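Let's walk through this one together, chain by chain. Have the viewer open and follow along.

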Amino acid sequence: MLILTCPYCGINADETDLHGDGEAHIPRQGAGAAEDDFEAYLFHKKNPRGVHFERWRHVFGCGKWFHAARDTMTLEVFGTYKAQTFEPPKALINKIKKKRLDWEGYMK
Amino acid sequence: MKRYSAFAIAREALRFHTGWERAWRTPEAKKHYDVVIVGAGGHGLATAYYLGKNHGITNVAIIEKGWLGGGNTGRNTTIIRSNYLQDESAAIYEKARSLYETLSQDLNYNIMFSPRGVMMLAQTEHEIRGYKRTEHANRLQGIETRFISPAAVKKLLPIIELSGPRFPVLGALWQPRGGTARHDAVAWGYARACSDMGMDILQKTEVTAIQQKAGQVTGVETTRGTITTGKLGIVVAGHSGQLADMAGFRLPIESVALQALVSEPIKPCMDVVVMANTVHGYMSQSDKGEMVIGGGADGFNNYTQRGSFHHIEETVRALIETFPIVSRLKMLRQWGGIVDMTGDRSPIISKTPLGNTFINCGWGTGGFKSIPGSGWAMAEMMAKGEPGELAAGFGLDRFREGRFIDESVAAGVAH
């Protein structure tokens, strides 16, 4: 059972209280974007085997969106953080780099 | 290759079974192949088989990280059906189903195809309407399906409880020519036939990089050295993203764990396959007597090959309401497979941005039933360089063009 801590209400919520919504930090593309960029924005996924940043919603709780960093191989949760940001917190990135020496960073 | 036959059994019985050959060779890797296929699951092996059989290309290597048929080919619930809504899907799944009918004879390997009939239960008013629509679509596509009444369901499946309070059975979409097959045998049969044509199946060989020059693939680096190739086929289901990353492009795919479980064996009590999309469960009885039960997919990306426990609870809870007889069964095994989900729940059989490289993936939760059709279409595309009629709709460009083959609505969730 996957358990994530909601960064808003501090509750350790299990996955049945949550709704996962895939990859986080995808730069938004507007109407003027190039076709390739817009296609990538809508459809192309990193789908990594390892560290994954993703969006979650605490549906059966406070109802708010937040972000989580998780390993898709081991289901280890590195941390959760509020959604009002364009990139993951520095402290979290450093923590993951220490644990996953071959990790190429979230921009990859 | 010595053919399997009743005569062969008699012959071997008289000499203490000392004359059986290995079903396939375990060769050393050559330096160069005309075609390299990554992934020796059902789809990869079928691709290789039809490359040889239909197009005469036999200088082929099939490279497999683990052992052949050890991924989703050995992890599914073996259901075969073709009652899809969209024309492109119906065509390729019906091609696969019809190839399954004669596959044992074709491969000289008993895949135990059992066209016992598949019923998809309608348990809400919306499902009734949806399945009636599918029935009409199937009629136009030349696929025999019928929407049947609850009484007809009960006649085909006496152990069902029609009047469950939460999930009453209001009818079903019945495909009498659907059924099941022995999943491992499908991989083994194709592997034996491929090996017999002179193709090399390289097990325990992992692809670590894809070599390219001027936008064309030139070879693959593997844990057993570099292999050069003229054409590359990527057929690795859940791990397609990793191979695409090596080739330098991204896919509209996310990988999740889908799980299944089997019960202890019991006496024969159901001779059809039942799917219930509202409760997201499906069940059939294997020839050994085990109830084979398919469950839900996880709601988040992962590669764990096990799946979340609460899905088992949800599936089993719904099953015992519809099939009270199974309530005291013990479950023997549970497992998960990594399925590659596309946004429209339809597969990808496509050329890729890298020249002479082709990909077959995105079968999601419905890969087993399509193995022969998928291999047929993929082989045609790899041999000719362009997708044929079966594969034409399933290109990667359909996402850019908004030309989806939307089975996520048509098929519900169980697929």
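Two residues are in contact here if their C-beta atoms, placed from the backbone, lie within 7 Å. With that cut-off, take the contacts in chain B between residues at least 6 apart in sequence: 75% join residues at least 24 apart. For chain A, the corresponding share is 48%.

Some ground rules before going on. This is a predicted model, where local features need pLDDT of at least 70 and side-chain atom pairs count only at pLDDT 80 or more, while totals for chains, interfaces and linings use all residues. Residues are numbered from 1 along each chain as its sequence is written, with chains lettered from A and ligands numbered from 1 in the order in which they are written.

Start with chain A. Helices and strands are DSSP runs numbered from the N terminus (H or I and at least four residues for helices, E and at least two for strands). On that count chain A has two helices and six strands, and along the sequence they follow the pattern β-β-β-α-β-β-β-α. Its radius of gyration, taken over C-alpha atoms, is 15 Å, close to the 13 Å that the globule rule gives for 108 residues, so chain A is as compact as a globular protein of that length. That rule is 2.2 Å times the number of residues to the power 0.38. The C-alpha atoms of chain A fill a box of roughly 40 × 35 × 25 Å along the principal axes. As for burial, a residue is buried if 20 or more other C-beta atoms lie within 10 Å of its own, exposed if 12 or fewer, and partly exposed in between, again with C-beta atoms placed from the backbone. In chain A, 22% of the 108 residues count as buried.

Now look at the sheet in chain A. Strands count as paired if DSSP finds at least two bridges between them. By that test there is an open sheet of four strands, ordered β3-β4-β5-β6 (chain A), with antiparallel pairing. At the edges sit β3 and β6 (77-82) of chain A, each pairing on one side only. Direction ignored, neighbouring strands in this sheet are turned by 30° against each other on average. Inside the sheet, β4(A) and β5 (residues 65-71) of chain A run antiparallel and are joined by seven bridges; A:Val51, for instance, stands opposite A:Asp71 in β5(A). Helix α2 (residues 90-99) of chain A packs on the sheet, touching β4, β5 and β6 of chain A, and its direction makes about 170° with that of β6(A). Axes here are lines fitted to C-alpha atoms, for helices over the stretch in contact, and angles run from 0 to 180 degrees between N-to-C directions.

Where do the chains meet? The contact takes 20 residues from chain A and 20 residues from chain B. On the side of chain A, the elements giving two or more residues are β3 (19-23), α1 (35-42) and β4 (51-57) of chain A.

On to chain B, with 12 helices and 18 strands. Its radius of gyration is 21 Å, close to the 22 Å that the globule rule gives for 415 residues, so chain B is as compact as a globular protein of that length. Buried residues make up 53% of those 415 residues. Just after α1(B), B:Phe16 takes a positive phi of about 55°.

Next, find strand β11 (residues 225-234) of chain B. Six bridges join it to strand β1 (residues 32-38) of chain B, in parallel, and B:Tyr33 has B:Thr229 as its bridge partner. With strand β10 (residues 216-222) of chain B, β11(B) runs antiparallel over four bridges, and the two form a hairpin with two residues between them. β11(B) also pairs in the parallel sense with strand β18 (residues 357-361) of chain B, over three bridges.

Finish at two helices. Helix α2 (residues 42-55) of chain B and α7(B) pack at about 35°, with their axes 9 Å apart. B:Ala185 lies in α7 (residues 183-196) of chain B, and is partly exposed, with 19 other C-beta atoms within 10 Å.
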